[in-house]
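Here's a quick briefing to read with the model open beside you. Have a look at the fold first, then come back for the details.

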Amino acid sequence: MKEQLEQIKCHALAALDAADAPAALEELRVKLLGKKGELTAVLKQMGKLSPEERPVMGQIANAVRAEIEKKLEDRKAAIHAAALEAKLAAEAIDVTIPGDSFPVGHQHPMNQVLQQIKDIFVGLGYQVVDGPEIELASYNFTRLNIEEGHPSRDRSDTFYFNDDDSVLLRTQTSPMQIRVMENAKPPICILAPGRVFRKDEADATHSPMFHQIEGLVVDEHITMGDLKGALITMMQKIYGQDATMRFRPHHFPFTEPSCEMDMQCHKCHGTGEIDGQVCSTCHGEGWIELLGAGMVHPEVLRGCGIDPEKYSGFAFGMGLERTAMGRMRINDLRLIFDNDVRFLNQF
Ligand code: DAH
C-alpha cells in the first residue's frame, strides 16, 4: 500500500508539472483527489489493514494528499501568472508609435507682452487692478483736470452714450487713477491695463479700440526719480539692458510736471537713417515715443481726498500695441487685430 501511495504521488506530481492550463489542473484534481479519485480508492482499502498499520498508512496518505494539494495550488498560481504575463505582453502599448497630433494654440502676442509687463510690475510691488470700459465723463475727463471744451472731449474723438455727454467709452486708462485714489489711502501702487476707445479710422498705427496700461504710485516723498527708476527698469527688462531712454518735457492736464519717454530707435540706433535712407521704424527721428507720465497734479490728489502737502505721486500711461509692435517688430497695427493664425503663429 505504501508503494501504491508513493506511485500515486510520483505520477501526480509529474502530471501536475506537465499540466499547463486551468482545465487540465481541474481534471487532475478530480482524477487524483475526487470522490472516485485514485487516492480515495487507496484509502478505501485502509479497512483491510491491521490496527497497527492503519495509523501509519493514514499518516502517509495524508502527507501524500497534502503534497498533491500544495502542488495543485502552486501550479494554479504559476499558470495564472503566466497567463497574465502573456496577456500583458500581447496588449503592450508601443510608446514609439507616433501619436495623433492636435494643433496647440498659444497666447496672442499682445497678451504675451501684457503678461511680461504685469510680471515686471508685480515684481516691483504693484497691484494689478481692473476697471470699467464704460466710464463717466467726470472720471475720464473732469476729475483729471481736463476742462470742458478740451479737444479730447470732442464728439468727433470720443464715443458718447447719451446727449449730455456724461457717459462714454473710456478714451484712456487714466480714470483708473481716480477710481483707485478715491477708494484707497496711500501708499498706493497699482497697474491698470485695459481697453480704451477713440473715434479713429483704422490704419497702420491707429485703431478705434486699443490697449493702455496705467501706472500710479502715491506715497510720502515720491519723486520724479522714482518714476524714472520704475520706467527704465521696465523698458530694460522688455527691450534689453542696453535700451536707451530719454525723458522730454510735455503737458498733460493731470500731471505736473509732465513728460514723455522715448526709446532710442533699435533699428537705426538713434541716427535716423539706415544706408543713407530715412529709417522706416522711427521715420528719421532716431527716437520712438513710448509713453506719457508725470507727477500727479495736486488738484487731482485733492479731488480724491488725498492731501498734496503730505503725499505726492507719479503716474504713467503707455500704449500696449505700440510696445508690442516695437518689441516684436510688427509694422502694422491691424495685423494684431486681424487674428490671422498665419501671422499669430510667428510669435
Ligand atoms: N492718458 C494719457 C493718454 O492717453 C497718457 C498718460 C499721460 C497717462 C501722462 C498718465 C500720465 O498717467 O501721467 O495720452
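Predicted model: local features only at pLDDT ≥ 70, side-chain atom pairs only at ≥ 80, totals over all residues.

Residue numbers start from 1 along each chain as its sequence is written, and side-chain values use heavy atoms, with hydrogens and water left out.

- Strand 11 covers residues 312-319, and six of its eight residues are buried, so the rest of the structure largely encloses it.
- Here, buried means under 20% relative accessible area, exposed is over 50% and partly exposed falls in between (1.4 Å probe, protein chains only).
- Strands (E, at least two residues) and helices (H or I, at least four) are DSSP runs, numbered from the N terminus.
- Strand 5 (residues 209-219) runs antiparallel to strand 11, with eight bridges joining them; two strands pair if DSSP finds at least two bridges between them.
- In that pairing, Gln 212 sits opposite Gly 319 of strand 11.
- Strand 10 (residues 287-296) is also antiparallel to strand 11, joined by five bridges, and Gly 294 has Ala 315 in strand 11 as its bridge partner.

**The second largest pocket**

- A pocket is an open set of points on a 1 Å grid over the protein atoms alone, where a 1.4 Å probe fits, with protein on both sides within 12 Å along at least five of seven lines; lining residues have an atom within 4 Å of a point.
- The second largest pocket holds about 230 Å³ of space, the volume being the space filled by probe spheres set on the points, which are joined across faces, edges and corners.
- Its lining has 13 residues, with Tyr 239, Asp 242, Ala 243, Gln 264 and His 266 nearest the centre.
- Helix 8 (224-239), strand 7 (255-264) and helix 10 (320-328) each give at least two residues to that lining.

- Tyr 139 belongs to helix 6 (residues 137-140) and is buried, at 11% relative accessible area.
- Beyond residues up to four places away in sequence, Tyr 139 touches Leu 144, Pro 175, Ile 178, Arg 179 and Glu 182, where contact means heavy atoms within 4.5 Å.
- Thr 40, in helix 3 (residues 38-43), is buried too, with a relative accessible area of 19%.
- Setting aside neighbours within four places in sequence, Thr 40 contacts Leu 32, Leu 33, Gly 34 and Lys 35.
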